[in-house]
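Colleague: I'm new to reading protein structures. Could you walk me through this one, step by step?

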Amino acid sequence: MTEQVSDNATKRKPAVEKIRCDACPVMCYIADGRSGACDRYANQGGELVRLDPLTILENRIEGGGKVVPFLDGEDDADPWQGDVLADGETFITAVGAGTTYPDYKPAPFIVSSEIDGVDMITVVTEGIFSYCGVKVKIDTDRHLGPERNLVRVDGEPIGHVTTGEYGSQMLSIGGVHHLTGGGKKEGRVTCASMLALCNREAVELTIDDGCSVIVQAGQPPIINGVLENRMRVGCGSATIGMFASQWRGLVDEVVVVDDHITGVVSEHQAGKVIGWPETGIRINGRKSTPGRYFQVAEPGTGWGGTDLQDPLKILEPFNAKIARPGQSMLMVSTTGEQSAYYVLDDDLQPVQRDLPETLVGSVERITENCEPAMCSVLFMGGAGGSLRSGVTENPVRLTRSVKNMLTVITVGGAPCYVWPGGGITVMADVTRMPENAFGYVPTPALVAPIEFTMRRSDYQALGGHMDHVMPLGDALKGGLGPQNDHILGGRTKAMHRPENPWPSDRRHYGWNREDTAG
Amino acid sequence: MRAGATTFQDDGPIAALISDGRRLHLQHGPIDLIIEAEGARDEVLAAYRQARKRFRTVLVELVDELAMLRLGVDRDVAPTGDIAKRMKAAALPFADDFITPMAAVAGAVADEVLASLIVGRRLSRAFVNNGGDIAFHLGAGERYVAALVGDPVVGRVAGRATVSAENAIRGIATSGRHGRSHSLGIADAVTVLAGNAADADAAATMIANAVDLPTSPKIERAPARALYPDSDLGDRLVTTGVRDLEKNEIDAALDAGYRYAMKARDRGLIEAAFLSLATSTRVLGDAMDQTRIEFETELETTG
């Protein structure tokens, strides 16, 4: 995957090849400069591109139906109710809008619409971000590599391991130094990797003195070829701590099997404080503190990240002075994915029995608390002077307008966090944007969609390009402003993601608070 | 400017009501359907569910037999899919000339989805519009008015055709050199009204092919495969450009198409046709007005 990605960004293939489109089952062969049967995908210089660049978000009537996957709702019990798009609730995103860089012309689309009686303006442009990066959060407790070590693609440094967070490892990718401060190949590979990550493709990263990890936004990480399924709720010891009181009185012993720290409730501090009696259990592992054991087995894909298929292998014979026949024991992995229940026979040998109903709930709760492991990819970039001048003749006023909550920024319609302090530095989750929202220029730099929405009066006040404003309806019909000399291949409609706030919702704006307060 | 991603995943079929809340949009790959059913709300919704369910596998059924469907209709191979059968049946009457079942693919999909939409439902009217090729259902006493496009480049409406329930017309299709598929002829648009959309689609394709000036140097052509490597038209020359034509050239081309359309009507393959080239038009309705198709045209028409 990685190889493919960087190949595309780094090499201009001779423009003769016809390519096979894999966007739908028809699998068209497409000649260079032509489009497939659908007129949606085309071959541009040997590269498959979408022809419908301008993405328009359509909002849904509240409660009128969540996004319903096509295959759902075919049974009579839960029939499909129709996914209704609200009339007129339309927002042009900057995906595919193009940019007027570096001409310092007004942004390609400056559209006006009336929302709840308020005249709103949205400035729609694609920004060229030479200063930008990608923050990656990988849900895993595995050691991916030492902090500060380089992250590489194709051997080129594209970022580094940064401070780990709870249950997750963090990578910082891209940035101006890798893009333009290093070698040419470093810049190209960095740009291609960021582009792929932001467009939610899988990228294989290697970390110096660490792992190889395949990262794809919204997908579980694949670390050294092994898919990470779930985040642990905690290590075996932590799990004992969380659930000891729920097990009390239901079972005589609980062992939480974990590759990192295996926990034993009768010995653990969490058991002691609630008066858990001894059981005579003996664990074959390196004891850390009471009830906590390192290295009970080798790492693997069995119980709790160990190589164990049979958890009894970590036990030594019970201490006959303490243990008694009939004594019960629950063994469970840290993710609750494996569990087994045993009762000691007359020779104090554990014999497996069905898990009693009373314990099923606690095992399920462990699983419930282990969230699916995911890779999160956040685009982070700063809106530079030329981008801002596409919005206003006086760029600093845009910064102030954003800081004063008069202007709301969205990235491809997705909400973003605006950093405090100078400039306009934003961070946004790429999974909340339409597909393939990002592009690149050979500089190299990333091209990201960005929209600024504000009241007409506020746009005027910040020195907006008022003579380039067009009504939303005209833009939807295909109208272009005089500043826009780009040929748009078409437009595409994207469902508004219900988790995203609607950009022109008055609740985002400082003036709304004034209004309601006054 | 924009870098294409290296691969695009097939998102599978998509179904959604569009913004007016009345119409259903179904899309998968190159198939793009706009559907409207009229009747009681629960009947409409039930109909939409039926159409949506049928649509799930439409594209993959076609793709399964795609290689065969791209062969000349005279080949002795029998399609297995219901849509493929509709395509072949619609193309077969034109087998004296070169035609493949693909000439009727859009109409056949519209017919099939319409059939699933209306089965067991009480609807006054229903339409399945597959990129301009429309299959429709009319309850007793209902009428359907279709706009006829005279010039697809500027989207000018040249007239309207009104179909009533008593007419044996349940399909309408348009073909020409500006559409998604390539044309062997030079017609800007040929719209055909027939018993179903597949028949209309195949006929519109063939009539549009017949609107031609085979030896004129003003027509630019290229092998279909050079434009679309998978084309069912193979190395046949398709129209890529038409330079300014004289009035007599326009008339000659339209007359050729009109004669072809008349033959099709006389064989009972179509009910009516509307041909347009360079803002000139021909209308082939029923001279005796038995079909009660009303054409109102805003442009000068003859024939």
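Here are some questions and answers about the structure above.

Modeller: Before we start, this is a predicted model, where local features need pLDDT of at least 70, side-chain atom pairs count only at pLDDT 80 or more, and totals for chains, interfaces and linings use all residues. Residues are numbered from 1 along each chain as its sequence is written, while chains are lettered from A and ligands numbered from 1 in the order in which they are written.

Colleague: How many helices and strands does chain B have?

Modeller: Helices (H or I, at least four residues) and strands (E, at least two) are DSSP runs, numbered from the N terminus. Going by those runs, chain B comes to eight helices and 15 strands.

Colleague: Is strand 9 of chain B largely enclosed or open?

Modeller: A residue is buried if 20 or more other C-beta atoms lie within 10 Å of its own, exposed if 12 or fewer, and partly exposed in between, with C-beta atoms placed from the backbone. B:A189, B:T191 and B:L193 point one way from the strand, B:V190, B:V192 and B:A194 the other way, and all are buried. Since six of the six residues are buried, strand 9 of chain B is largely enclosed by the rest of the structure.

Colleague: Which residue of strand 12 of chain B stands opposite B:T191?

Modeller: Two strands pair if DSSP finds at least two bridges between them. Strand 9 of chain B has five bridges to strand 8 (residues 171–175), running antiparallel, and there B:T174 faces B:T191. Strand 9 of chain B also pairs in the antiparallel sense with strand 12 (residues 272–277), again over five bridges. In that strand, the residue opposite B:T191 is B:F274.

Colleague: How do helix 5 and helix 6 of chain B run, roughly parallel or roughly antiparallel?

Modeller: Axes are lines fitted to C-alpha atoms, for helices over the stretch in contact, and angles run from 0 to 180 degrees between N-to-C directions. The axes of helix 5 (residues 105–118) and helix 6 (residues 197–210) of chain B come within 7 Å and cross at roughly 170°. Angles under 35 degrees count as roughly parallel, over 145 as roughly antiparallel, 65 to 115 as roughly perpendicular and the rest as oblique. That makes helix 5 of chain B, relative to helix 6 of chain B, roughly antiparallel.

Colleague: Which strands stand at the edges of the 11-strand sheet in chain A?

Modeller: This open sheet has the order 16-15-14-13-10-11-12-9-26-30-29, with antiparallel pairing. Inside that order, strand 9 (residues 132–139) and strand 12 (residues 168–174) of chain A pair over seven bridges. Each edge strand has a single partner, so one side of each is left without a neighbour in the sheet: these are strand 16 and strand 29 of chain A.

Colleague: What about the seven-strand sheet in chain A: which residue stands opposite A:E253?

Modeller: The order here is 20-21-18-17-23-24-25, and the pairing is mixed. Strand 17 (residues 253–257) and strand 23 (residues 328–333) of chain A run parallel, joined by five bridges.
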